[in-house]
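This briefing is meant for a reader who is meeting the structure below for the first time.

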Amino acid sequence: MATAFADQLRSLSDDALGALIQLRPDLVVPVPSDVSALAVRAQSRGSVARCLDALDEFTLAVLDAARLSRAEDTALTSVSAILALASAAPPDDVRVAVGRLRSRFLLHGPEEGMQVVGAVDEVTSPYPAGLGRPADYLDAQAAALCADKAKLRRTVLAAPAGSRAVLDRLAAGPPVGALTSGGGVAEPVQWLIDNHILVPVTEAGRAPRPDGELVELPREIGQLLRRDSGPLGPLRPIPPAPDGPVRDPKAVDSAGAGQAMETVRTTETLLEALAAEPATVLKTGGLGVRDLKRLARTAGLDEGSTALLLEVAHAAGLLGESDVAGTGRGVTASRASGAADEIFLPTGAFDLWRALSIAQRWEALANSWLAMTRQPGLVGQRDDRDRPINALAPDAERAGAPQARREVLAALFELPQGTAPRPEDLLGLLAWQAPRRARGRELVHRDALAGAAALGLTGLGALTSYGRLLHAGDDPAEHDPLGAGPGGERMPGASEAVRALDSLLPAPVDHFLVQADLSVVVPGPPEPELAAELDVIAELESAGGASVHRVTAASVRRALDVGYAATDLHALLRRRSRTPVPQALTYLIDDAARKHGGLRAGSAGSYLRSDDEALVAEVLADKRLSIASLHRLASTVLVSPFQLARLLGVLRDAGFAPVAEDAAGAAVLSRPKVRRAPTRTPVSSRIGDQAGPPALAGPLLAGVVEQIRRGDLATRAARRAPVTVRAANGQSVPGLTSVQAHTQAMAVLQQAVRDKAQVWVGYVDSHGATLSRLVRPVSLSAGYLRAEDERTETLHTFALHRVTAAVLHE
């Protein structure tokens, strides 16, 4: 059968073979050596199971009809037999489903003599369409009852109400029920057994046994009970249409864009909070519950949404782990409570990410969410050992999560634009589209829906326009496998999803409005340069579409500490503000600048000096600074046992504005040191598709087909090679005890060059494989044989030391 199957594949055109590879891309991972190897792989259990996982409910029902309609003697079925069993569905829909099965080679052969691939029975239920095995296989008395149609109907109609309820349950499938252990059989079931409607079977279901623990409903009785719905049960050739309101697409996009902007802002807030106060990595991995609650309060989110954004940031390479060295008191305290010697910090990629536009930052998060093998919805739940699952912990790994997200987006993508289906209806649609794959994955799909809403892929329950573009761009079949555009050039610039989202978001602003109360209002998302300036000169009070900051004495002092002069701050405010700068703000800056640097601190332990004797006396008399143990060396110099950094912190906490100086007395200005974790590779940019083999198209698909064809020709040519060549190549040849010597092969080749005759050449290639080829030698010199393959019109070069045999072609 394998040979016949391979011959059918071999007879396909290149386009048809390419279509099969597109439908079942796992067949060419890795690329098979020839068509025979492709046929073996196409009939394997794993490949058939993957193919069945992608089929819809109706197609699987038609496949069950093919299994049920097989002839006992030939195991063949036909389209007409399938149509007879699936009579409850329109014949055209059944034929289309049969075509889908034949195009995937789950059914193969002529229409009136089709064969089901053997592995189908191995990877599917032993009860096609929920029907049991034939009565003559299970029990002779049950077979006799089923043979008498009138008696069978009378017996079924005479069944008591309890027995009929059992029959209806088993008729819906599966047809096997378990008897209660340790006690007698229930009366309704016993009545069915006594009347040979149910047959006791062993657990393996191979031979009848009166004391068996299982009972099975014969196929004929199950079909009788399904007389209203048909032998296959209810058939749904058309997918269920989710019921839900249709939103205005503009309203959907507006809501989604607002959520996308909020997602980017909140992610940035969470990472900045971790940079200011790193969280420890637990010994078991992940983020502690206390740290998660702290971050949730900082971002103003619930813990589930906070966990989602942290997981996405980690997958995007914006968040990583770093050694605990150099951390502060909070980390040390956490270590004492059982944490590991690592902390969570933003990575170096976080700074680059912040410099991008909002739409580009959102795209990086959305792509990482689609690709990450994590299920954030599990955070807060308990595992099988009743332990809580923490954010960023290994317990939240789920390999099928990326595929589930793509399935949800694909289902939303296929609905009319603006449709907002109920979650239950969408889950029903997914269960129809791929019932084998959707079984048991309802929670993953719900989590994918929640994640899409939290990231702004959906708005008001419907897929946004830029979400559609992101999903379409995520489809490997839509990509050029060579990475080139129609003109052969690389496709530069932002993606279509980014451009669509950019058009929905407010334009970045390069200015702000300064109010009389020293608040600074930014009427839109600030440009990266403006955002960096505001981080230095003002404190954030509220964020959103229009953010509010406030200039304080501490923020002005911070700006002076990093190198701004008073004139620089005045110029910045005049350049950026669209309203007059209040006089109070000008006085605040000038006053802070006048006090700034009045005290100078250096290393002794540390010293403190000032040209203002009154200021030095004020510091020495300040009781808040008694902890620094200051001592006067001169009227303008104080010393402390504290190190310089600690002394500066104590003075600033007391309201002073000291400045560090070097040995020459020059002021030392510096920004606070920013700690970053090592850069990580984002999940979305890693090579390989974790959800399965990539779809092939275009030149890449044509190349794979050509490679299989060439390998098949080489294999068939090797089988036609003379016996001495095959023996020299290491193949088993009955009755051959010796092989042609290398010197004899050289003599044959020299004669072939002179006579321009064709010759079979056996050789070992660079990978150590033994091959044979029919060629016409052209020259023999410098340790190489050059020969022409007339079939392919190519010139081959063979190293003579790799030639194992040569025989003239007859």
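**Salt bridges, strands and charged patches**

Arg 133 and Glu 216 form a salt bridge in which the closest N and O atoms are 2.4 Å apart. This pair links distant parts of the chain, since Arg 133 sits in the loop between helix 8 (119–123) and helix 9 (135–138), while Glu 216 belongs to strand 6 (residues 214–216), 83 residues apart. Both partners are buried, Arg 133 as well as Glu 216. The model is a predicted one, and the structure holds 41 salt bridges.

**Further salt bridges**

- Arg 437 forms a salt bridge with Glu 407, and the closest N and O atoms of the two are 2.7 Å apart.
- Because Arg 437 lies in helix 23 (residues 435–438) and Glu 407 lies in helix 21 (residues 401–414), this pair ties together parts that are 30 residues apart in sequence.
- Arg 437 has a relative accessible area of 24%, so this residue is partly exposed, whereas Glu 407, at 11% relative accessibility, counts as buried.
- Asp 425 and Arg 422 also meet through their side chains in a salt bridge, with a distance of 3.1 Å from N to O.
- Asp 425 has a relative accessibility of 19% and therefore counts as buried, the cut-off being under 20%, while Arg 422 is partly exposed with a relative accessible area of 47%.
- As a general point, side chains of opposite charge can pair when their charged atoms come close.

**Paired strands**

- Strand 12 (residues 513–514) pairs with strand 13 (residues 519–522) in the antiparallel sense, over two bridges, and within this pairing Leu 513 stands opposite Val 521 of strand 13.
- The hairpin made by strand 12 and strand 13 has four residues between the strands, and in this hairpin Leu 518 takes a positive phi near 70 degrees.
- Strand 13 is also joined to strand 15 (residues 547–550), with which it runs antiparallel, by four bridges, and the bridge partner of Val 522 in strand 15 is Ser 547.
- In general, the side chains of a regular strand alternate between the two faces of the sheet.

**Charged surface patches**

- Lys 149, Lys 151, Arg 153 and Arg 154 form a positive surface patch, and Lys 149 is found in helix 11, which covers residues 149–157.
- A negative surface patch is made up of Asp 611, Asp 612, Glu 613 and Glu 618.

- Thr 74 has its place in the loop that lies between helix 5 (57–68) and strand 1 (76–77).
- The relative accessible area of Thr 74 is 43%, so this residue is partly exposed.
- Although Thr 74 and Gly 113 are 39 residues apart along the chain, their C-alpha atoms are separated by 9.1 Å.

Technical notes:
Residues numbered from 1 in each chain as written. Predicted model: local features only at pLDDT ≥ 70, side-chain atom pairs only at ≥ 80, totals over all residues. Heavy atoms only, no water. Patch = residues over 30% accessible without salt bridge, like charges linked within 9 Å, V, L, I, M, F, W, Y side chains within 5 Å. Areas by Shrake-Rupley, 256 points an atom, 1.4 Å probe, with all protein chains shown as cover. Salt bridge = Lys/Arg side-chain N within 4 Å of Asp/Glu carboxyl O. Lys, Arg positive; Asp, Glu negative; His and termini not counted. Charge placed at Lys NZ, Arg CZ, Asp CG, Glu CD. Pairing = 2+ DSSP bridges. Buried < 20%, exposed > 50% of the residue type's maximum accessible area, 1.4 Å probe, protein only.
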